[in-house]
Amino acid sequence: MSDQDDHRARRMWRALEPVHAVTYFAPESKAACDELGTKGYWMSYCALRGAPLGEAPPEVVTALFYNFAPGLIARALPAAWQVASAERFRALRLETVDAALHRLLAPDFLASPEVAEAAELAREAALAAPTAGRALAAANAALDWPEAPHLVLWHAQTILREHRGDGHVAALLTAGLDPVETLVVFAAGTGLDAQWLRERRGWSEQEWVDAAARLVERGLLDPAGSLTPAGEDLRREVEAHTDVLADAPWTVLGEARAERLTELAAPVVSAILAGDGLLLTNPMDLRPLVARPSG
């Protein structure tokens, strides 16, 4: 564990992100999108994540998702908007998350005071997240809040994670890392398989090689593909900047209530992990605070 893992904003992301990630990984989501008529995982992902923006063109979604290859997004959009409207995909998100959480957790638990308390704490944090310059966070914050507490918790974390992601893009831009360079540095820094990550984000081998060459020229990567000391420093700076930019909601909530939210959300996250609602090896290198149950 690095010192950065102890930053409050990073800890809260690790504690809560699986509540949002179930949107894309739960089987209910894939089944509903398939029934609707989407083709392949990425069409459904782009539609579900991009739907708060309205029926945005691929250029806008590519800009905001940042590290996805333009061609991957262009194959998904606007084709998804021909399958169904953005409004329908926004409704589908709630429907499938609701179905997934009802499969994973008992109805009496979802209706418990603990889930209601977690929802209110997360909502307060989300309402405190500044959205100036953060288009994905703002688009989600503009949506109506659901009524059921477990869906309030999901919606709050959706705003919070897009708030963090928008800030991460700002940190990457400040560092002078373009979308594919970002992934080359990320793979080298985390140990994620570079080919797997490249394919997951839609970049060609040549685009990856060219990005690595630019990083070598800048002294951030060595010819063998490892980060240089300067590259390690830059990556730490990006992550530290990301955490600082993501911390405003937790400053408002305060340490004690943030920790209480972590405790209250743990059973929900544990159930998501046990029910394969999150890829444990994922392109975010997310390592949830709650360990996956054994057995």
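At what angle do helix H11 and helix H15 pack, and how far apart are their axes? This is a predicted model, in which local features need pLDDT of at least 70 and side-chain atom pairs count only at pLDDT 80 or more, while totals for chains, interfaces and linings use all residues. Residues are numbered from 1 along each chain as its sequence is written, and side-chain values use heavy atoms, with hydrogens and water left out.

Helix H11, residues 149–175, packs against helix H15, residues 229–245, at an angle of about 145°, and their axes lie 8 Å apart; axes here are lines fitted to C-alpha atoms, for helices over the stretch in contact, and angles run from 0 to 180 degrees between N-to-C directions. Where the two meet (contact means heavy atoms within 4.5 Å), residues of H11 including His-163, Arg-164 and Gly-167 face residues of H15 including Leu-234, Val-238 and Glu-239. By class, this contact has seven nonpolar, six polar and three charged residues; Ala, Val, Leu, Ile, Met, Phe, Trp, Tyr, Cys and Pro count as nonpolar, Asp, Glu, Lys and Arg as charged, and the others, Gly among them, as polar.

Turning to helix H1, residues 8–25, we find 18 residues and a kink of about 45° at Glu-17, shortly before the proline Pro-18, the bend being the angle between axes fitted to the seven residues ending there and the seven starting there. Because 17 of its 18 residues are buried, H1 is largely enclosed by the rest of the structure, where buried means under 20% relative accessible area with a 1.4 Å probe and protein chains only.

Ser-29 sits in helix H2, residues 27–36, and counts as buried because its relative accessibility is 4%. Leaving aside residues up to four places away in sequence, Ser-29 touches Thr-23, Tyr-24, Leu-48 and Thr-96.

Methods: Helix = DSSP H or I, 4+ residues; strand = E, 2+ residues; numbered from the N terminus. Buried < 20%, exposed > 50% of the residue type's maximum accessible area, 1.4 Å probe, protein only. Expected span 1.5 Å × (residues − 1).
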